[in-house]
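Visitor: I would like to learn how to read a protein–DNA surface and a domain interface. Could you take me through them?

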2 protein chains.
Amino acid sequence: MNEHRVVRLKDIAQELGLSESTVSRALSGTGRVSEATRLLVQQAVKKRDYTPNDIARSLRRRDGRSIGIIVTDITNIFFASVLKGAQMVAHEQGYSTLLSNSDEDPALETASLRLMLQKQVSGLILATVGGSPNQLAQCRRQGVPIVFIDNLPNLGYPYDSVSVDNHKSAYLLTCKLLKRGMRRIGVITGPLGQSSGLHRWEGYERAMQEAGCPIYRPWVKQGDFRVESGYAAMSSMLAQQETPQAVLIANNYMAFGAIRAIRERGWQVPRDIAIVSFDTEDISGLMHPSITTMNQPAVEIGRQAAEILIDRLTDNAPEDAVARVLDPIFVEGTSW
Amino acid sequence: MNEHRVVRLKDIAQELGLSESTVSRALSGTGRVSEATRLLVQQAVKKRDYTPNDIARSLRRRDGRSIGIIVTDITNIFFASVLKGAQMVAHEQGYSTLLSNSDEDPALETASLRLMLQKQVSGLILATVGGSPNQLAQCRRQGVPIVFIDNLPNLGYPYDSVSVDNHKSAYLLTCKLLKRGMRRIGVITGPLGQSSGLHRWEGYERAMQEAGCPIYRPWVKQGDFRVESGYAAMSSMLAQQETPQAVLIANNYMAFGAIRAIRERGWQVPRDIAIVSFDTEDISGLMHPSITTMNQPAVEIGRQAAEILIDRLTDNAPEDAVARVLDPIFVEGTSW
DNA sequence: TGGGCTTGCGCAATCGATTCCGCTATGATA
DNA sequence: TATCATAGCGGAATCGATTGCGCAAGCCCA
């Protein structure tokens, strides 16, 4: 009867009359081990159901072989999709993923970052709400690479990121509205403190200016990317004397709220007011009317973020910071 | 100039002329340390930005202080919400969360389980697709507790779980349809190999039988919880000579597909056919018509699963297996 | 046959923290 | 004043794996 509950490398070594180093090398494939002993080791491992202790391995290697992902809201399908893409790539490369949800709370983000640093993550994918300068500095010092997604903060140095061209995205979408002959176009923006919110607003602004189309301030509302703020913004827009022909809404959740407000007034989309929006591939198509959107390739964002991160962790680290900008995908719905 | 890139416990100890043991005790609060040195240590820690190495700590404590969560599809808002609840509780208790997405693939589930065991997770929350008997056995041997959610497998022993009463849920929903005078009620089930799919079907069956209402086989279709299968199931139902008055659909994603099929035929919900369904709190309300559903309290499922797990990991472990069954929440929409 | 090279493997240090054990100094008690 | 308990702290083993170094045996070729 063995007195250990779990089988250790040492147990395998003893059973075979080998040293721990040989067993280790046989399993990792590094170093020189004869084919015969390699087979012996593999058999013993299988027989005893040996599972290597990654904690011990990580300690020795000074690397947790895991990547941390912090998002603001995992129930937002955009982030869930990012996560899916990142997790797939990480898993393929033998990295596990530590997840945290900051809930848009800078304090929680900071706490999560601290926890992940303690866990010795190899790298981080971060959708920041901006508010952990200390931790970010520590990451730099310790050489823990970070890839930023979604909200690109204003740091004093270049950094890796994956994002969609939000400016272009909003610009093109607004141009499409203009091309359909619309000129009275309102907008519900996201938080202008976040790059995704700001750039979409700027794209709209530029398109309107280039078209010589005045921006009517009562049709400009700021939301927070949540359903309720879309509802509130649209409600107050509809309370104006004049209402717009079309409204550009900075994400789909707010579009849902806005559409509800329109319905409650007894109006229809797009008969009385057209709606265009931004978001993730999956969520459209569930709605009726289906919303005309600039979709963000969320899974691809996650995938590429993980790839960049893993490149940084292995030898093929590029010299400079990588700022990958993906193109949005235009999906025509029936909401315009 | 210090030659170490990161500050270690030893560095703090040397700086203060203390032993590592004392510093460790000062930080952990265990053992006897004078108030004076405790303060000294805390200051030094703050000054040097010391971050304890959880890997080393975990190795010594033989516990990774993390919980693994494996779900079948993280972009499904039900699982995303479960994750959110579980992650919150875990984080509060100082546990980090390792996430994996099995994509309904038993092989991936097995690989994920193996990886998590290697990482020495303290416990697991598992929405299994059923297919890792070896790993489950190993968890038992190693004393890694598991809380099952969503799909409750048929193991030969009692285990902890958190679920909703799917049978009751479907039974009540069907009864409500019957009470509204409907008798020609069809059903689109989930996979009958999964408990959630099976029990919802059984609840429907029982309600129909008790009401003396015949089940018309062409109105019984099996789907796989995805949009497309709902579309296909409803399409083939609508191709029958006779169509049902109402259809009970085993989850919301399939309901989306079904509604699209109905619309494409030029019919309306609920004028021509009523729809009721099951799912998560958040997703309803986005749809039009809003679907009448039995909602699963997903965040609560995650939260309770994590609580049970952490109870098992601490002293207040209950003697017997905990099978917590939550009640669904009825939400009336306009789809019936 | 002997020098050099390769192969296969073991020894022991090491990663960074925790923790058992025991030592010293201090204060209390008889 | 002698004894003893205890608070505060240090020494060293330990967790389970990895890895640099070195040794011995076997091989090749001169």
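Guide: Let's begin with one atom pair: a polar backbone atom of B:Ala56 lies 3.3 Å from a base nitrogen of DNA strand C. A polar contact is a pair of N or O atoms within 3.5 Å; within protein, one must be able to donate a hydrogen and the other to accept it, and residues adjacent in sequence count only if both atoms are side-chain atoms. This is a predicted model, where local features need pLDDT of at least 70, side-chain atom pairs count only at pLDDT 80 or more, and totals for chains, interfaces and linings use all residues. Residues are numbered from 1 along each chain as its sequence is written, chains are lettered from A and ligands numbered from 1 in the order written, and side-chain values use heavy atoms, without hydrogens and water.

Visitor: How is the size of an interface often given?

Guide: Often as the accessible area lost when the parts come together. Between domain 2 and domain 3 of chain A, about 1,100 Å² is buried (accessible area, 1.4 Å probe, lost on being put together, summed over both). Of this area, carbon and sulfur atoms give 45%. A:Ile77, A:Phe78 and A:Val164 supply 45% of what domain 2 of chain A buries there.

Visitor: How many residue pairs are in polar contact across that interface?

Guide: Five, with both residues at pLDDT 80 or more.

Note on methods:
Buried area = accessible area lost by both parts, 1.4 Å probe.
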